[in-house]
Amino acid sequence: MSTDSVAQSLRRARSGLGVGGAGRPPDARPKRVLSPRNVTMLALVLPSILLVLLLNAYPVLYAGVQSVRDGDLIAAGDFVGLANYEAVLTDPVFWQAARFTLVFTLVGVFGSWAMGMGLALLLRHRIPAGGVFKVLLLLPWVVPVVVSATSWNWLVATPQSPLPILADALGFGRVLFLANPLLAQITVCIFKVWISFPFMMMMMGAALASVDQNVYEAARVDGASGTQLLRTMTLPLTAKSTYISWILMTIFCVNDFPTVFLLTGGGPVNATQTLVVQAYRTVFLDFETGPGVAIAFLMTVVLVVISVILYRRVRKVDIE
Amino acid sequence: MSMRASKAALSRRGFLGVAGGTAAAGALAACSGGGSGGGGGGGDTLKFWNMPWGGTEFNPRDKEITEAYAPEGDLPAAVYQEIQWANFTQTFSSAVASNTGPAVSSGGGTQAFLFESQGKIAYADDLLESWKSNGLYDDFLPGLIDAMKVEGGYAAVPYNLDMRVMWYNTTLLDQAGVEPPTDWPSYLEVSEALKGIGVYSFGVGAGSGSFTGSHIMTSFMINNGGGLFNADQEPDCVTDANIEAMEFVLEMVAKGYVDPGSVTYTSDNVQTQWKDRRFGMGWDGAGLAANVGGDVAAELTVNSPLVGPHGDQGALYFPNNIMMYTNTPSQEGSEAFLTYYYQNMAPLWTEHTGIGLPPLRSIAETPEFQSDANAVKIIEEWQPISRTWGAPGSDALFLGVTDVDGTPAMGTFTQTILSGAATAEEALTTLQQALEG
């Protein structure tokens with residue numbers, strides 16, 4: 001087969017046509033959408049569709065109804081229009097939670113990615129007991145977050161905890177890691193990075209493993225430095241995995257309830273309260289279902305927007 | 001289409017129709033949530049849901065008592081179910097909403113009032129009336145039954161008492177060379193002495209899942225003749241009595257008598273501080289000594305209630321209760337079971353299963369209970385002066401107290417005071433606005 005014919009075949013393949021020909025000619029007759037075959041196919045998938053609707057669409061629709069009513073956990077309540085959304089959006093506590101959610105997510109995504117990427121690059125090299133290190137580094141991700149949160153609480157909560165003692169010994173005085181609002185925010189963010197970096201390490205490790213090493217060798221022969229390799233080779237070649245990991249971690253961070261709730265409960269004085277914690281507290285502690293679900297819906301809208309933006313980046317990388 | 005193909009297609013459709021219909025019926029049945037199986041008895045039996053009120057031995061013993069119930073005639077037998085505290089609100093709410101909940105249960109202290117407002121509670125008026133003839137009614141400690149009364153009737157029956165009292169470490173007070181305080185000024189003096197030996201005197205926690213801090217703030221208000229609700233059962237936080245009480249706590253904070261970490265201490269953190277003898281005095285439930293354990297437990301003693309600056313005494317307490325639901329296989333059965341249960345529940349206290357204080361005099365007077373000096377002191381000195389969330393306007397509980405019982409508004413208020421982040425009036429005004437909102 002000549003080069004031209006190969007290229008032609010590939011074009012045909014990309015356009016969905018078989019290599020061997022143009023395939024079946026277009027049907028001149030109008031298609032019967034509800035042919036017996038289609039009806040059978042539809043009937044076959046109908047139970048699955050119903051199941052998906054019951055499991056996914058129904059709760060979402062019901063939650064949508066709850067967000068425009070003034071009910072509680074038992075009764076649906078009366079229709080109040082968009083009053084719940086208005087109440088939420090004019091509540092300073094919501095915006096405080098939104099700001100911290102943004103910070104928590106940015107630090108969680110980029111902090112864990114940077115750490116995960118760095119460790120993935122390190123673990124590409126042969127080091128003694130590399131396998132053991134990989135397993136140990138996965139522990140923060142594998143261990144249940146309840147256990148992790150309890151451990152971190154033990155590590156920082158009281159003046160007799162190890163880190164406050166260390167800080168005191170280093171001359172920082174008595175450091176209140178969870179009682180000081182700013183330090184509590186920093187502690188929660190670091191905790192999030194700590195439990196999330198193994199996931200990023202796995203994602204980026206897999207992405208790096210798929211990169212052809214010959215490309216690096218060729219670049220080194222051409223005199224590329226380590227920084228140049230990272231900037232012009234590694235990052236672009238792993239961009240698709242990076243964007244996907246960012247999408248996933250953004251969703252993980254925004255929806256992360258236990259990390260914050262178990263460590264600080266959203267305190268002190270709402271300093272570490274994220275939107276998902278606020279939604280939980282509104283529904284299950286204040287028994288105000290409408291505003292709580294409204295918060296959850298607003299979160300979902302923001303998450304969808306962010307995910308779409310990042311997904312477009314993934315598609316762009318595909319095209320490039 | 002050929003006849004063969006047509007028949008085959010019909011056969012498939014027929015099969016799919018039957019299968020789809022069966023699946024849909026199953027799904028709809030699953031979603032309906034009602035039906036006979038949903039009755040609070042699950043058919044011929046009566047569901048009793050109880051919480052882990054004590055140690056590991058509590059629920060097995062409680063189950064034994066429940067299963068020993070032999071109903072008369074056609075009345076339903078009782079089946080026992082332990083419900084964990086984790087997410088208990090969701091557990092009960094979803095079960096009650098879907099009519100798959102219990103016929104009788106304990107639960108959160110204000111739970112009965114929430115469900116009563118939804119029409120899900122069977123009033124205990126007839127039951128309590130029947131107890132007047134068998135001696136049970138008069139056996140309750142003073143004021144307990146009245147705390148259960150709402151407009152429609154008695155929403156529940158008092159079960160165990162969760163008190164908030166003042167504890168001190170005898171060894172640390174001896175070390176500081178001071179006697180236990182009797183009023184607010186002497187509390188400040190003792191605190192100063194304890195500070196001199198590096199010990200905190202206002203031991204509480206207001207962190208994740210720890211509501212004791214907010215209980216103690218309210219206790220101080222009640223100790224000063226104040227509280228959160230007026231006689232109309234409406235929030236009334238910004239009062240002179242409350243401001244004065246919170247200014248006292250803020251003074252304790254400013255003078256360094258309160259552990260700065262208290263703002264985010266969990267219950268475990270608080271117990272650690274008692275264990276490490278960092279807390280010389282503090283506020284907690286009746287089970288503090290047992291929960292702390294070890295050598296320190298023997299050093300922990302309940303103090304007498306403090307006298308406020310205007311001669312008031314008072315504290316917050318929670319008359320935990322047992323409620324009956326309208327969703328029951330037999331209301332007569334629910335009442336018969338509860339009568340049996342109250343007549344036979346004494347071992348839960350006499351065998352020291354760790355449950356809170358008893359609601360009945362007959363149990364409090366047993367030699368086994370009297371052997372615990374701290375518990376006796378709480379029953380004799382704290383219970384008579386304690387008030388519910390409804391104070392100062394009311395002794396009864398009502399739906400409005402669910403706005404302050406473990407809610408974010410109270411948590412934020414408590415953390416604001418314990419961190420000294422606002423004046424008493426500012427913090428109380430913010431709380432008032434949150435409760436009105």
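Buried residues make up 50% of the 437 residues in chain B, where buried means that 20 or more other C-beta atoms, placed from the backbone, lie within 10 Å of a residue's own. Keep in mind that this is a predicted model: local features need pLDDT of at least 70, side-chain atom pairs count only at pLDDT 80 or more, and totals for chains, interfaces and linings use all residues. Residues are numbered from 1 along each chain as its sequence is written, while chains are lettered from A and ligands numbered from 1 in the order in which they are written.

So what is chain B built from? Its secondary structure comes to 20 helices and twelve strands; these are DSSP runs (helices H or I, at least four residues; strands E, at least two), numbered from the N terminus. The C-alpha atoms fill a box of roughly 100 × 55 × 45 Å along the principal axes.

| Domain of chain B | Residues |
|---|---|
| domain 1 | 38-160 + 319-376 |
| domain 2 | 163-317 + 388-436 |

The C-alpha centres of these two domains of chain B lie 29 Å apart. Where they meet, 17 residues of domain 1 are in contact with 17 residues of domain 2, contact meaning C-beta atoms, placed from the backbone, within 7 Å. On the domain 1 side, helix 4 (111-117) of chain B gives the largest share, three residues.

Now for the neighbour: the contact between the chains takes 33 residues from chain A and 38 residues from chain B. Helix 2 of chain A supplies the largest share of the chain A side, eight residues.

Note on methods
Buried ≥ 20, exposed ≤ 12 C-beta atoms within 10 Å, placed from the backbone. Contact = placed C-beta atoms within 7 Å. Domains from an automatic or database assignment.
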